Amino acid sequence: MDQPLLTVPLPTNSSLTESNTSVPHLIVVCGATAIGKSGLAIALAKRLRETKRVDPVILSADSRQVYREFNIGTAKPSIAEQQQVPHYLIDICDPTETLTVAEYQEKAQALIEGGKAGGRRQKAEGKGGESGGAEVGSQNSETNSKLKTKTSPIPYSPLPNPSLLVGGTGLYIKAIVRGLKIPQVAPHMELRSQLQGLGQLQLYAFLLQVDPDAAAKIHPNDRVRTLRALEVFYVTGCPLSAQQGEKPPTYPILQIGLDCESVEQSDRRIVQRTEEMVAAGFADEVQYLCQKYGAELPLLNTLGYAEFKQHLAGDLSLGEAKALTVLHTRQFAKRQRTWFRADPAIEWFDADSPALVEQVWQRVQEFLANRQ
């Protein structure tokens, strides 16, 4: 059972009671891979708990951290980090399952909005597990069972409990902060198989016929989005464009972006991250996953895993696998920066600044003070 937030009862006419049922606050920490988002988020959460007497949580916005057993290659927060601050939306799916953006959005919104009633948070059921606090990113079941123990209630605070949405999956973050209307259509493998047998030219011609508005927003060579738009149309009978739109949340949102002043600094971080992955046993993790799920598992074709799978197959040396991982991660980071820089609502900070935590903390305090 959830513990009540109040340690002593308040009068029913108390103004504090009213403010404690106010809308939740959301603080986003975003940016490219290996930029230091998790470390900053944990530092902010601890400051909030210590100085504002609130009980913040971290919601992962990483499309691979939702999958169990994909730990080192996704830079999943360690057990020690998760013990410092509760983490949600980690390890909620088996690797053989698929979590759609719409499903992620539903779970994240339930957790964020669940913080507005006196700090009580609703449980959001995830495929293969709970994301509402009962399961917090287990990397082994014994340690995870220890993390299920509820902590003592913190002293009452007139502020609602803020959530920190942290990660580099731009579409996940956009789905929350913009309130994207996403068709509830799960991948239809039989239909996809039929469509994938056709050429992109023919697929795009079909899309022009059934959903010209969607086609106008999709590049003729973009096979992934073309297939998805056709899939939505054939499954629902309604064009994708007619099911899209935005309904931004009413609660206040502060978006913090992290970046380096130069590409060279970002590259150094990526090289260091890759070396740390290897030292932590990344090759062993990939080998284990290949043996358990088969080398054709789609997740094993993602960044880092694909390169080390080739290494284990004897197609690449360890040095070549690391070099390719660094190269592909640099390319991915560039795409992430382009995505996030297109959003004018994001406030940017230098990830290498010695005063980073203090600078961001000052902005967070201003954000909260203006909305009490």
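## Aromatic rings in close-up

**View 1. An aromatic cluster of four residues.** In this predicted model, a single aromatic cluster is formed by Phe70, Phe282, Tyr305 and Phe308. Two of its members, Phe282 and Tyr305, are both buried, and their pairing is shown in the next view.

**View 2. The edge-to-face pair of Phe282 and Tyr305.** The ring centres of Phe282 and Tyr305 lie 5.0 Å apart and their planes meet at 75°, so the pair counts as edge-to-face, given that planes over 60 degrees apart are placed in that class. This pair joins distant parts of the chain, with Phe282 in helix H13 (residues 282-293) and Tyr305 in helix H14 (residues 305-312), 23 residues apart.

**View 3. The stacked pair of Tyr104 and Tyr172.** Across the whole structure, a search finds five aromatic pairs. Among them is the stacked pair of Tyr104 and Tyr172, whose rings are 3.8 Å from centre to centre with 15° between the planes. Here too the partners come from distant parts of the chain, since Tyr104 belongs to helix H4 (residues 101-113) and Tyr172 to helix H6 (residues 170-177), 68 residues apart. Tyr104 has a relative accessible area of 0% and is therefore buried, and Tyr172, with a relative accessible area of 4%, is buried as well.

Note on methods. Residues numbered from 1 in each chain as written. Predicted model: local features only at pLDDT ≥ 70, side-chain atom pairs only at ≥ 80, totals over all residues. Heavy atoms only, no water. Phe/Tyr/Trp six-rings, centres within 6.5 Å; stacked < 30°, edge-to-face > 60°. Helix = DSSP H or I, 4+ residues; strand = E, 2+ residues; numbered from the N terminus. Buried < 20%, exposed > 50% of the residue type's maximum accessible area, 1.4 Å probe, protein only.
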